[in-house]
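Please open the structure in your viewer and keep the selection tool at hand. The stops below are to be visited in order.

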Amino acid sequence: MLVLRNYKLKVFGGSANPELVTKICRYLRTSEGKMELTRFPDGETWVKISENVRGADCFIIQPTCMPVNENIMELFLMIDAFKRASARRISVVIPYYAYARQDRKDQPRVAISAKLIANLLTSAGASRIIAMDFHAPQVQGFFDIPVDHLIAEPVLAREFAKKKVKDLVVAASDMGGSKMARSFAERLGASIAIVDKRRYHSNKVEALSLIGEVAGKNVLIPDDMISTAGTMVEAAMFLKKHGAKDIYACCTHPVFSESALKKIESSILKEVMVTDTIPLPEEAKKVKKIKVITVAGVLGEAIKSIHNETSVTKLFR
Ligand code: R5P
């Protein structure tokens, strides 16, 4: 058990991504805190902390991946339990923050779910949030408690660099991804291109035009998430039509909803590198072109820094 400063560090995980929790605890050389997480016959969630946390510096790890509503509700109840058990501080580690895509009123009479979830986490009793690659970085501002917004880019770019791919262009799959593409390109010493995409249905996208040159080049398409894989696969086909050679993809959050896996498997993508913010479904493990890189070290280091009250800036290099 790490005892730093005057308060005990305690790490707990919900049921959304137990493998990641184990890896983070291993990184921190601490054992995972004990909890009971069950369901009542009518589906209600029940949580109980099975050890004393009074006065402890507690970190709860729970990505809000599928089943999204179940995992979010479990997280709220966990936070509430820690608050009522007199934890000194409750830091909520949300490797993947769902509901982030609805972050503004883009049509009449719709909800802003990204803000609502931020409010609910704070009301439940979270003292601070540690998250990774929000769908839009400005979601940080939806919270009135401290947020450490980490990025998977250094880990993904370092891993990709090992391939030593020549004549590389980093392409954004849509206008919104251009900042991320530029940042990857700077790390990898590549040039950039941008696909102009239109989404005409939640699972249907269309590439419209290309900014930049990809003919005769190898391409890496980074993104924050792959959900239905419509964006990624459409962008890859479009770039191929424009003369790209090998096309690689990487993303932080492998949401993989609907028929994403089939689309990826049958696509022209050479490799899809993802992180373990979300556990991969069993079928995904059979798709050879999907490669998983862990971000347990980044999250573990952030937990250590927060607990020790040292800077997290090194995690962005
Ligand atoms: C778009 O703004 C995002 O960066 C992702 O490209 C998008 O959310 C992925 O969704 P899908 O895989 O369903 O196209």
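This is a predicted model: local features need pLDDT of at least 70, side-chain atom pairs count only at pLDDT 80 or more; totals for chains, interfaces and linings use all residues.

A polar contact is a pair of N or O atoms within 3.5 Å.

Select Ala229 together with the ligand. A backbone N or O atom of Ala229 is found 2.8 Å from an oxygen atom of the ligand, which is within the 3.5 Å of the definition. Next, select Asp223, where an N or O atom of the side chain lies 2.5 Å from a ligand oxygen atom.

**Second stop: the shell around the ligand.** How many residues surround the ligand? There are 14, and the closest are Asp223, Asp224, Ser227, Thr228 and Thr231. Colour these residues by class: six are charged, five are polar and three are nonpolar. Now display the secondary structure and select β10 (191-201), β12 (218-226) and α6 (230-241), each of which supplies at least two residues of the shell. Which element gives the largest share? That element is β12, with four residues. If you hide the ligand, the space that it takes is the largest pocket.

Select Lys23 and Asp276. These two residues form a salt bridge, and their closest N and O atoms are 3.5 Å apart. Lys23 belongs to helix α1 (residues 18-28), while Asp276 lies in the loop between β14 (271-275) and α8 (282-285), so the pair ties together parts that are 253 residues apart in sequence. The structure holds 16 salt bridges.

Select Met66 and Pro67, which are joined by a cis peptide bond with an omega of about -5°. Pro67 is located in the loop between β5 (57-61) and α2 (68-84). Finally, move to Asp133, in the loop between β7 (128-132) and β8 (147-150). Although Asp133 is not a glycine, its phi is positive, at about 40°.

How values were computed. Residues are numbered from 1 along each chain as its sequence is written. Side-chain values use heavy atoms; hydrogens and water are left out. A residue is near a molecule or strand if one of its heavy atoms lies within 4 Å of it. A polar contact is a pair of N or O atoms within 3.5 Å; within protein, one must be able to donate a hydrogen and the other to accept it, and residues adjacent in sequence count only if both atoms are side-chain atoms. On a 1 Å grid over the protein atoms alone, a cavity is a set of points where a 1.4 Å probe fits but cannot get out, and a pocket is an open set with protein on both sides within 12 Å along at least five of seven lines; lining residues have an atom within 4 Å of a point. A molecule sits in a cavity or pocket if more than half of its atoms lie within 2 Å of its grid points. Ala, Val, Leu, Ile, Met, Phe, Trp, Tyr, Cys and Pro count as nonpolar, Asp, Glu, Lys and Arg as charged, and the others, Gly among them, as polar. A salt bridge is a side-chain nitrogen of Lys or Arg within 4 Å of a carboxyl oxygen of Asp or Glu.
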